[in-house]
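User: Please take a close look at one part of this model. Then connect that part to the rest of the chain in plain terms.

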Amino acid sequence: MVPLPYYLLLSAALFAIGVLGVLVRRNLIVVLMSIELMLNAVNLTFVAFARFHGSMDGQVIVFFVMAVAAAEAVVGLAIVIAVFRHRQSLDPQEMQLLKW
């Protein structure tokens, strides 16, 4: 049986990689994938704590997080496709749609 700190370290590493991907990458699709990586890191933490405490609460929360992540992916990809059709670019630095 793998101890809890190993799961937490893996989750923290995945979350850090996701944050780095959001901050550094210049492609909207990669940014969305990085957000998904962060959500999966949180899911891993929930499952690890649920297993450590012997309850199902964490797994239920993971189910809801996965549902929200799927909805976020659908909406995010729709926005990305709409932006790409309008701008012919996926660079978030060039998008100033909501800026004054």
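Analyst: **The aromatic pair and its surroundings**

Phe63 is exposed, and Phe64 is exposed as well (exposed means over 50% relative accessible area, buried under 20%, partly exposed in between, with a 1.4 Å probe and protein chains only). The model is predicted, so local features need pLDDT of at least 70 and side-chain atom pairs pLDDT 80 or more, while totals for chains, interfaces and linings use all residues. Residues are numbered from 1 along each chain as its sequence is written, and side-chain values use heavy atoms, with hydrogens and water left out.

How many aromatic pairs does a search of the whole structure find? The search finds one. That pair is formed by Phe63 and Phe64. A pair of aromatic rings is described by the distance of the centres and the angle of the planes. For Phe63 and Phe64 the centres are 5.8 Å apart and the planes make an angle of 65°, which is edge-to-face (rings of Phe, Tyr and the six-membered ring of Trp pair if their centres lie within 6.5 Å; planes under 30 degrees apart are stacked, over 60 edge-to-face, the rest tilted).

From here, turn to a residue in a helix. Asn43 lies in helix α2, which covers residues 28-53 (helices are DSSP runs of H or I of at least four residues, strands are runs of E of at least two, and both are numbered from the N terminus). Is Asn43 buried or exposed? With a relative accessible area of 7%, Asn43 is buried. Residues up to four places away in sequence aside, Asn43 touches Val62, Val65 and Met66 (contact means heavy atoms within 4.5 Å). Asn43 is thus buried, whereas Phe63 and Phe64 are exposed.

Three residues of helix α1 can be compared next. Ser11 has its place in this helix, and Ser11 is buried because its relative accessible area is 4%. When residues up to four places away in sequence are not counted, Ser11 touches Ala41, Val42, Leu44 and Thr45.

Val22 also lies in helix α1. Its relative accessible area is 29%, so Val22 is partly exposed. Apart from neighbours within four places in sequence, Val22 is in contact with Val31, Ser34, Ile35 and Met38. Val22 and Leu9 are 13 residues apart along the chain, and 20 Å separates their C-alpha atoms.

Leu23 is found in helix α1 too. Leu23 counts as exposed because its relative accessibility is 68%.

Now consider the whole protein. Its secondary structure comes to three helices and zero strands, and along the sequence the pattern reads α-α-α. The radius of gyration is 17 Å, well over the 13 Å that the globule rule gives for 100 residues, so the protein is more spread out than a compact globule (the radius is taken over C-alpha atoms, and the rule is 2.2 Å times the number of residues to the power 0.38). The C-alpha trace spans about 50 × 25 × 25 Å along its principal axes.

Of the 100 residues, 25% count as buried. Among contacts with a separation of 6 or more, 56% come from residues 24 or more positions apart.
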